[in-house]
Amino acid sequence: MEVHRKKLKLSNKISELETIRQFLAELGVAWNIAPPVILTLNLVIEEAFTNVVGYAFDDKLEHTIEIVFDKQDNILSISMIDDGKAFDPTQNAEPDINLPVAERSVGGLGVYLIKSMMDQVEYKYKANKNILIMRKKLES
Amino acid sequence: MNIQVTNRDNFTVVSIHGRIDTINAENFNTHLMHILDNEGVDHLVLDCAGLDYISSSGLRIFLVAQKKISAVQGKLLLSNLQPTIKEIFDISGFSTIFSIFPDTEAAIKSK
């Protein structure tokens, strides 16, 4: 059994999306993950990260958001950990993607994309921290 | 992200290059809304050949453009979506609310 782990510590700023992009490009090379999969991971991490930055904190202080990448054999787990308000995004109402254009809204689309593009999404609240775990099976 | 604007027949063609994420979505929005609101364009092709990445922040802008153009009975056509981008459109249900063509030529001829 092969186990790999990498950690990324970010501050609660949208500009950190650039750090995430660069980190994922390097992760793709280091863990031999195909570029289209890296794009998918970038998307789901951006959606989760922007939700946390936008809604988790009531104060103006700097907070650390940690992302832990675990690869065990061909299962990749991405855990996003923050100390903001308890919020379970997996309980979000799903958008109605069949509505005509005039009635469509993009609200809720981010979490819907995460659930659709990952194989499993799990939320925990532990020791005053939100933990969102997103898992995907990689093609070997 | 950068865009190039050209005119073909009676369509304005906006070619998008790079990534549309939460960092630069507002910049893309400003450019596109200027074209729609200030220049009054209602026949638009968004050529996505160079679009490498889009998140829900960018999808939101595509949706706003579609709403505006539908409201004036204009036409918004998308061309050259890369497979990963097309997949995101499919999952979001956007493939049914946009007219998507394999290339810009086909989009313009469809009128």
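Tutor: Helices (H or I, at least four residues) and strands (E, at least two) are DSSP runs, numbered from the N terminus.

Student: And what kind of model is this?

Tutor: A predicted one: local features need pLDDT of at least 70, side-chain atom pairs count only at pLDDT 80 or more, and totals for chains, interfaces and linings use all residues. Residues are numbered from 1 along each chain as its sequence is written, with chains lettered from A and ligands numbered from 1 in the order in which they are written.

Student: What does it score?

Tutor: The ipTM is 0.94 and the pTM is 0.96.

Student: Which of its residues are buried?

Tutor: B:A25, B:F28, B:L32 and B:L36; buried means 20 or more other C-beta atoms, placed from the backbone, within 10 Å of a residue's own.

Student: Why would residues spaced like that point the same way?

Tutor: An α-helix has 3.6 residues a turn, so residues three or four places apart do point the same way.

Student: What do the buried ones pack against?

Tutor: Strand 2 (11–20) and helix 2 (56–71) of chain B. Contact here means C-beta atoms, placed from the backbone, within 7 Å.

Student: And what follows that helix?

Tutor: B:G40, with a positive phi near 65 degrees.

Student: OK, over to chain A. What order do the sheet strands come in?

Tutor: It's an open sheet of 5 strands, 1-2-3-5-4, with antiparallel pairing; two strands pair if DSSP finds at least two bridges between them. Strand 1 (3–11) and strand 4 (120–126) of chain A are the edges, each pairing on one side only.

Student: How many bridges link strand 4 to strand 5 of chain A?

Tutor: 7, in the antiparallel sense, with strand 5 covering residues 129–137. A:Q120 stands opposite A:R135 of strand 5 there.

Student: Where does helix 1 of chain A lie?

Tutor: Across strand 1 and strand 2 (64–72) of chain A. Helix 2 of chain A packs on the sheet too, touching strand 2, strand 3 (75–82) and strand 5.

Student: Last one: how many residues does each chain give to the A–B contact?

Tutor: Chain A gives 22 and chain B gives 18. On the chain A side, helix 1 (16–30), helix 2 (35–55) and helix 3 (109–117) each supply two or more residues. Helix 2 of chain A has the largest share, 7 residues.

Notes
Contact = placed C-beta atoms within 7 Å. Buried ≥ 20, exposed ≤ 12 C-beta atoms within 10 Å, placed from the backbone. Axes fitted to C-alpha atoms, helices over the stretch in contact; angles between N-to-C directions.
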